[in-house]
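Dear colleague,

Please find the structure below, handed over for your own work.

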Amino acid sequence: MLRRTGIIGTLIGLLALVLWAPSAVAAPAADGCGVLAPGASAAAQSAIAAACAQVDAGTWYTWGGGHGDTPGATLGHYDGVDEASRHDGERVGFDCSGLVRYAYARAAGSDILNGDASGQYYTTRAAARFTAAQGLAPLLPGDLLAYGDSADLHHIAIYLGAGRMVEARQSGTHLMVSDVRLGGDYFGAVRVDTGAVTGHVFRTWGTGVWTKTAPSVSATRVYAFPGPTSIRVECQKHAETVTSDGYTNDAWAYLPDYKAWMTNIYIQGPAWLDGVPTCTT
């Protein structure tokens, strides 16, 4: 009877382990693709799981891959430069931003990051932004790591934690897990909020338009938008008069996602933006 009880206890223990196993879905696979540090939101964990499933499937990098009408792997095409890219038209896969788009679409249930690396970094869905100088210390799994400069971000990847990231890196390779490349042209990171976008959303026009630390053309530069970009405006105020591209205006908008100011000249709409309150400071 005692031996039978012991066997039953063992079976119960094994059954408990089986029942517990689903909670370990986010654990990294043998290749190290998974959530590697605490603190990630449920959405970020889902995005990582979606990206890692593509790594486990051996999905190819393809230039232009993942930018079809809906998120998902597609045939790529030759980039016109890299000889390894000549086969991308024969391979179904993702480029860097195509993978990010797919991963966060799976996490959010909608296509919230449809665009290239610059468009994804300059998203209106930013919960937080981090500069290259801040390093990895403030980052959480699921944050997006951007490479390039403020006017031309050419690569983006998903942080896993523990100094590792999942990325679609280059033609001729499969999706992979890599050490985060700090230094060089690492630009910074953005944390994605998959919830509804709040606030006053407008769109810029022009290329290489700089934001400033203060509402003045002589203030320090913060970010340059590479092209028309959706932005959130918190408030606006009358400050330094600016003349540019045939327009003159003294209105400046405060962009909370960048902690920066932008002349209203480069924001689509009237000189004084409709529905946006006046800044109190």
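**Helices and sheet**

Helix α3 (residues 96–108) lies across β5, β6, β7 and β9, and runs at about 45° to β6. Please note that this is a predicted model.

The strands that α3 lies across belong to an open sheet of six strands, in the order β4-β9-β5-β6-β7-β8 and with antiparallel pairing. The edges are formed by β4 (126–131) and β8 (176–179); each has a single partner strand, so one side of each is left without a neighbour in the sheet. On average, and with direction ignored, neighbouring strands of this sheet are turned by 35° against each other.

Leu 145 has Ala 189 in β9 as its bridge partner.

**Disulfides and cysteines**

A search of the whole structure finds two disulfides. With bonded cysteines counted along the chain, they follow the pattern 1-2, 3-4.

The angle about its S-S bond is -85°, and the link of Cys 33 and Cys 52 is left-handed. Cys 33 lies in the loop between α1 (2–20) and α2 (42–56), whereas Cys 52 lies in helix α2 itself, so the pair ties together parts that are 19 residues apart in sequence. Cys 33 has a relative accessibility of 4% and therefore counts as buried; Cys 52, at 4%, counts as buried too.

The other disulfide joins Cys 235 to Cys 279, again with an S to S distance of 2.0 Å. Here the torsion about the S-S bond is about 95°, so the disulfide is right-handed. Cys 235 lies in strand β14 (residues 235–244) and Cys 279 in the segment after β16 (260–263), so this pair ties together parts that are 44 residues apart in sequence. Both Cys 235 and Cys 279 are buried.

A further cysteine, Cys 96, is at 9% relative accessibility; since the limit for a buried residue is under 20%, Cys 96 counts as buried.

**A lysine in a loop**

Lys 259 lies in the loop between β15 (247–255) and β16. Its relative accessibility is 64%, so Lys 259 counts as exposed. Lys 259 and Lys 212 are 47 residues apart in sequence, while their C-alpha atoms are 8.7 Å apart in space.

**Confidence in the model**

The mean pLDDT of the protein is 89, and 89% of its residues reach 70 or more. Over residues 1–27, however, the pLDDT is below 50. Beyond near neighbours in sequence, this stretch has three contacts in the model.

With kind regards

Notes:
Residues numbered from 1 in each chain as written. Predicted model: local features only at pLDDT ≥ 70, side-chain atom pairs only at ≥ 80, totals over all residues. Heavy atoms only, no water. Disulfide = S-S within 2.5 Å. Helix = DSSP H or I, 4+ residues; strand = E, 2+ residues; numbered from the N terminus. Buried < 20%, exposed > 50% of the residue type's maximum accessible area, 1.4 Å probe, protein only. pLDDT = per-residue confidence, 0-100. Contact = heavy atoms within 4.5 Å. Pairing = 2+ DSSP bridges. Axes fitted to C-alpha atoms, helices over the stretch in contact; angles between N-to-C directions.
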